[in-house]
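I set out below what I looked up in this structure, entry by entry.

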Amino acid sequence: MGSGFVTLFIVSLIIFAAIAVLPGDFAKVALGRSATPETVANFQRSLGLDRPVTERYVSWIGGAVKGDLGVSFSSGPGTPRTVNSIIGPRLKNTLFLAAIAALISVPMALLFGIIAAIRRNSWLDRSLNALTLVGISFPEFFVAYVLMLLLAVKLPIFYSLARITPGMDVVEIAERLALPVATICFGIIAHMMRMTRAAIINLLSSPYIEMAKLKGTAPWIIVLRHALPNAWAPISAVIAFNLAYLIVGVVVVEVVFVYPGIGQAMVDAVRSRDIPVVQGCALIFATAYILLNLLADVIAIATNPRLAHPR
Amino acid sequence: MINKPHDTAARHTGEVLLDIRDLVVEVDNSGVWQPIVKGISLSLRRGEVLGLIGESGAGKSTLGLAALGFNRPGCRIAKGSVSFNGIDLLRESEGARRKIRGTRVAYVAQSAATSFNPCARIIDQTIECAMRLGGLTRQETIAQAKALYAEMQLPNPNEIGERYPHQVSGGQLQRAMTAMAMICKPDLIVFDEPTTALDVTTQVEVLASVRRIVTDHHTAALYITHDLAVVAQLAHRIMVLRHGELVEEAETERMLNHPQEAYTRSLWTVRNLEKPEEAPTQPILKVSHVDAHYGDFKVLEDICLDLPRGRTLAVVGESGSGKSTLARVVAGLLPATSGTISLNGAALASSLKQRAAGQLRGIQMIYQSADAALNPRHTVMDLVGRPVTLHTGLKGQACARRVVELLEMVELSEHHITSLPSELSGGQKQRVSIARAIAADPEVFICDEITSGLDQLVQEQILKLILNLQKELDKTYIFITHDIATVKAIADNVVVMQRGRIVQQGPKHELLSSPRHPYTKALLAAVPQMDPHWLDGLLNDSTASLRRQERFQVASAKTQDTWRPARLF
């Protein structure tokens, strides 16, 4: 727990330092080529960019701890736009997409992984393996465009744009999000399933599995009762990694389907050098990673009998 | 009074329960099927105990598993038949075989610690077969399991099942596994080296429990072991196997008194190796009043010993007694928390980092498991050549010549120089470990159970090698072992440890002939003798039962006491 906070603190330093040394100046970009040095300096002062780096960091991190990520550079005079108001709705959209994808992909990955482990080297296992290898190998945007071509253009069942607005009903949202969710799931199911299968099969050569066989236990009970409970640590680690990816790494999918998520917000902010938004996104990504990995560690500890039931 | 299994007449009158005919089992050796069991036949009647003995690779375990119609992955049963109670197991479907396994034929594995699922409570694993069989409720089955735990003389039979495997000691787990095998009242139990991993004192208790339960329930058993003295206590009949073939088969008494084959007789003589004790010399290593801790937990207390130059000091005691910890403290791997250690009169810093290079070179360790201590990706040249270069500065051709010299010292030859550890046998790997330790030209060798993973014949060769090296190079050994026969073979002086303390020390003959401390007595009494009535004698001896009481307390205390950090190699 403590180490999570320390990591987060170090990450915040790195984020801030990295952005501070980046070339490019928001003031110059915003004011255009014709800006005089005076106007640039004035503008910088109004944004607080003239203050020393350390001071800016302290005020930024101080606000972030309280949940305030600062004010966007895109604020007009007199109409301040907070970073929270820009990122907030986008984050909600991303979490929504991630939650749906997770609810579909995690149970499917576990199920396929377990089935593949039980029936290993059967035709079922081989075809699942081949399919998931394809899933991992193709880049996401390619899968996205292929799905779009097949299911939105040739057979217009779903929408190629995943724009959702408040007030849509569930069926409509499901139709709109079907293709992005499918694209994401295709990749992460493959990864999680293969790791589940590997973690279980890795245990199947253990002496206690041989013992279970010699007790006449049926193969599927061996996997479910004797192998799976010992495999939760590696499985939860790979699931945490993939769930973090759902939040952090879906930017390509969001761009392809024009879905208003946080990834796209960050890309836009980078383009316009809106540093507070970039920093805010980066900090949220880091937090998501750290929290999910922490959760995986907790599961690993809770399922390890040596730690859960000390002598 | 316990019934001696020899009294039962079962072997003459009972019906044949297990009949294995001309069994051939082959193993896949990179595409080529090589036989590991070469046409063995055996038959076993109801209630009869058959001992299978032989060194590793003799095909004992493979044969034992075949009695359940089971073969390990990578093996296949090529020929022959296994008939259990009239059912031909090899012709039956896998489903039919599964029905018999665990219920009619049960298996007790060598290492209980790894054969229990670490994630499930012992009781759930014990009753798994019985629950599958059905007929009884969970509560009734649990009651049966508890009765069996009590029969196996487990402490707290009503509560012990609620524990996880890592929460009980190795000996208790081994007895729990026997209870697990008994739960469905099988006709046959295959015991695959059930006491090999245990300390001698624990071994006696497990042996006694196993024998009682097998006799009381009139269960037939295949008892696999490499230790003749152990099998002599249980078996009606003994089969000696070697290289997958039958060497000799006879009734126990006749096998012990009149072995026919030269190979069988050679198994008998291994235990008779004995080094004449030599007069003490000036001490080279002095340990005085050393304490050591793992965290807050005291693992060594007030250890004082002198190590005379050119002699062997054997450190004995059961697992958890602090033998290996003592070795780690002397080597500097675990800093002592108080007390002093001196080598050649110069004090040694307690931690490895503060010791001078010469002092580091002066003490070398050889580990029990050569598999774990040798980097599997390094050739023998790398493994032995690196310390040669490090300590003598020799490189290239000169280094290679020195490596060959060292290999010849440990009776390996030049052509092993390019081998990887996986291409060597267990004994050869241990020789490489020894050569690597000699390469540093140390004054003191710490040998941590270096022979306990090896077959008896190989053990004897390694012990002889160690003795010859001592004669030629005048080296000093600290030899950690739990085996009294090994102590007889190599020691000049002996230290007996129990729960982190030295309970008795002295010259070998004195300590072995007149053990003063009760624990030393118990340890010596627990060494199996080549006498089928040894266990009866031990159990009936009233003083022995007192000792057993005491050991029992030690064993239950051990449950809380023995923990150790992961070994650092």
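I found that H10(A) passes H13(A) in a right-handed crossing (the near helix is turned clockwise from the far one by less than a right angle). I worked from a predicted model, in which local features need pLDDT of at least 70, side-chain atom pairs count only at pLDDT 80 or more, and totals for chains, interfaces and linings use all residues. Residues are numbered from 1 along each chain as its sequence is written, chains are lettered from A and ligands numbered from 1 in the order in which they are written, and side-chain values use heavy atoms, with hydrogens and water left out.

I noted an angle of about 165 degrees between H10 (residues 219-248) and H13 (residues 275-302) of chain A, with axes 9 Å apart; helices are DSSP runs of H or I, at least four residues, and strands are runs of E, at least two, numbered from the N terminus. Axes are lines fitted to C-alpha atoms, for helices over the stretch in contact, and angles run from 0 to 180 degrees between N-to-C directions. H10(A) and H13(A) are therefore roughly antiparallel (over 145 degrees).

I then listed the contact (heavy atoms within 4.5 Å): it includes Phe241(A) of H10(A) and Tyr289(A) of H13(A).

I turned to Ile480(B), which lies in strand E18 (residues 476-481) of chain B. Ile480(B) counts as buried because its relative accessibility is 0% (buried means under 20% relative accessible area, with a 1.4 Å probe and protein chains only). Leaving out residues up to four places away in sequence, I found Ile480(B) touching, among others, Val315(B), Lys323(B) and Cys447(B).

His218(B), which follows H9(B), has a positive phi, near 55 degrees.

Key. Buried < 20%, exposed > 50% of the residue type's maximum accessible area, 1.4 Å probe, protein only. Parallel < 35°, antiparallel > 145°, perpendicular 65-115°, else oblique.
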